[in-house]
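Here is a short briefing to read alongside the structure. Have the sequence and the 3D view open as you go.

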Amino acid sequence: MLTRREFSSYLVTGATALVTSGEVWPASKPEALQDQSKSLDCDLLIKGGTVIDSDQKLHGLLDVAVNNGRILAVSPNIPEGRARMVVSAKDKIVTPGFIDIHVHCFDGVGTGANADHYCLGRGVTTVVDAGSTGYPMINAFIKYVVNTSITRIVALVDISALGIVVHTKDTMRNLDWVNPELTEKAAEENKPTVVGIKVRLQKDIQGTNDLECLRRALQAADAARLPLTVHIDDSYSPLPDILKFLRKGDVFTHYLNGHPNGVLDANGKLLPAVLEARERGVIFDPAQGSSHFSFDVAEKCLAQDFLPDTISTDRLERPVYDLPTQVSKFVALGIDLDKAIEMVTVKPAQVYNYGLPLGTLRSGTEADIGIFEIRDGNFEFMDSARQKRTGHKMLVNKAVVRRGRYFVNEN
Ligand SMILES: [Zn+2]
């Protein structure tokens, strides 16, 4: 056991060395670290794992100390004596809690899954409910789901008043149900839980009215000063006619779908409008869901060096399962593991304004942490057309920390 003075000097020494190497602690916060170091105890110490935190450019054997729900320190060989609870992460990876920017978690309504079971229980500490409800139901969603879940949940308001709580098709056939003023009002009144607006553009959702639905969704997003997430799959209008309206920070979700009006031309080349949209800062998110992901399209995009910005799930059912499985799927397609983890931590943290820093293990931030095992073997992954690919690594969550609380996951 270290004395208070020894412990203090340990941390300060550690901090100085690490700041010099530019690896662990931000140089701008030395006083905060010294203040925290005066406290001898920490609530939780995660020992001996491989920490992967691309926000701080960390990849190595490091310990993580948590106190009062926040990250106290990330450093090599933090002494056990100071911790109330010590957990071994030997042979495991330790990451910031994953962030899934496309789920539906209005549990018990429509296709909604239980966030604590399917997300937190798989190492996902923050989710964005991608427009399960429109303006009439968003209050109920916040009251009964957001406020009662351990998983951090924020929401997009769907421009269709029906959202997807009644059914998923035909929800914008009648434009009376597509009201930008009431959508904006609901978004404004429910900030900061509401972080964006959502619109789904697909022939069997609004027929020939997709550009009008998009216009109304952009009007609501503009007025509420929020990003717009646009589901585009088998749209009536050609993709370039839609994409040209998307602004920097708007999200194109389901972009790896294998249906008409996709991102590729007849020769499998990315459309110029797609490259222009990326250049402009549109976010490309592959949310597989029930029918929106094609290995063929994904492989052609990757071959042209067009990687997703983020990885998400959409509907948490077979063959999507959960976010770690989707990460493993992209690793099977050739994306480096660290890069894939960045796509579920640092990158999605930048897409919306969550009101606090996420996707990082920086000292002082809320302690949302995932502990994962990487299993080696032959694992079969499936796309929406039931095409298969075999990968050799599977990420499996073993434990998760949410705002300092430690949960074991029996996977
Ligand atoms: Zn969805």
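The buried residues of helix H7 are Asp210, Cys213, Leu214, Arg216, Ala217, Leu218, Ala220, Ala221 and Ala224, where buried means under 20% relative accessible area, exposed over 50% and partly exposed in between (1.4 Å probe, protein chains only). This is a predicted model, in which local features need pLDDT of at least 70, side-chain atom pairs count only at pLDDT 80 or more, and totals for chains, interfaces and linings use all residues. Residues are numbered from 1 along each chain as its sequence is written, and side-chain values use heavy atoms, leaving out hydrogens and water.

**Helix H7**
- Helices (H or I, at least four residues) and strands (E, at least two) are DSSP runs, numbered from the N terminus.
- The 15 residues of H7 (residues 210-224) should span 21 Å at 1.5 Å a residue, the expected span being 1.5 Å times one less than the number of residues.
- The end C-alpha atoms of H7 are 21 Å apart, which agrees.
- Cover for the buried residues of H7 includes helix H5 (180-189), strand S9 (194-201), helix H6 (203-206), strand S10 (228-232) and helix H8 (239-243).
- After H7 comes Arg225, with a positive phi near 55°.

**Ser237**
- Ser237 lies in the loop between S10 and H8, and is buried at 6% relative accessible area.
- Leaving aside neighbours within four places in sequence, Ser237 is in contact with Asp210, Leu211, Ile242 and Asn261; contact means heavy atoms within 4.5 Å.

**His167**
- His167 sits in the loop between strand S8 (152-158) and H5, and is partly exposed at 38% relative accessibility.
- His167 and Asp63 are 104 residues apart in sequence and 47 Å apart in space, C-alpha to C-alpha.
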